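Visitor: I would like to look at this chain with you. Could you tell me what stands behind the words we use for it?
Guide: Gladly; let us have it in view.

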Amino acid sequence: MTEPHGERFCLSRRAFLLSGGSAVTVMALGGLSQALGQGAALKVASYPRTKIGRVNRLKVDHPTTFQYPWKDFNSTNMLVKLGVPAGGGVGPDQDIVAFSTLCTHMGGPLAGQYRGQYKILGPCPFHLTTFDLTRHGMVVAGQATESLPQIVLEVKGDDLWATGVMGLIYGYQANLAVKA
Ligand code: FES
């Protein structure tokens, strides 16, 4: 799906069209880089902006669900106001985040597994992986090795918009159509 272009790899026109017109960028995240101890980079796929909620309707530790970037079960995500600042957090307190609810290990369902006391999602009912929602969905325990895909959010007035996905959604190996 990708083709060599000098020393870099670029999306072919066909790959771009197959990806649904999403744009992919590689983003260095200061906080996460520090957490990982070196230059971490996450791949971010941009998708059409979609309104997913209102800031003033969110209550701390009361998650809601939404589908993005596709309207099917496998793209169900969780939106939550953590009550503490978080990596990628938006809103006046930088504490509103959203993540895929499919475990990155083998797709275990994480919906309903949010633990507000610790700001974590998990343990996964399949093999007990737990993800830290204050640190871009990093694995804190369990079988998974990949962070939970984080939904990129934007606030305009009181409206919350999803604009992209940081990471690979389980079962959608092509949602980031870019060569590492
Ligand atoms: S599927 Fe979640 S830990 Fe294995």
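**Contacts, core and sheet**

Guide: Leaving aside neighbours within four places in sequence, Ala98 is in contact with Asn77, Met78, Leu79, Ile151, Leu153 and Ala162. Bear in mind that this is a predicted model.

Visitor: What makes Ala98 and Ile151 a contact?
Guide: A contact requires C-beta atoms within 7 Å. Ile151 is listed among the contacts of Ala98, so their C-beta atoms meet that cut-off.

Visitor: Which residues have the most contacts inside the largest nonpolar core?
Guide: They are Val97, Ala98, Phe99 and Ile151, in a core of 33 residues. The elements giving two or more residues to this core are β4 (41-54), β6 (76-81), β7 (96-100), β12 (150-156) and β13 (159-166).

Visitor: Why are β8 and β11 said to stand at the edges?
Guide: The open sheet has the order β8-β9-β10-β11, with antiparallel pairing. β8 (114-115) and β11 (138-141) each have a single partner strand, so one side of each is left without a neighbour in the sheet.

Visitor: What makes β10 and β11 a pair?
Guide: Pairing needs at least two bridges. Three bridges join β10 (residues 130-132) to β11, so the two strands pair. Within this antiparallel arrangement, Asp132 stands opposite Met138 in β11.

How values were computed. Residues numbered from 1 in each chain as written. Predicted model: local features only at pLDDT ≥ 70, side-chain atom pairs only at ≥ 80, totals over all residues. Core = buried A, V, L, I, M, F, W, Y, C linked by C-beta atoms within 7 Å. Buried ≥ 20, exposed ≤ 12 C-beta atoms within 10 Å, placed from the backbone. Helix = DSSP H or I, 4+ residues; strand = E, 2+ residues; numbered from the N terminus. Contact = placed C-beta atoms within 7 Å.
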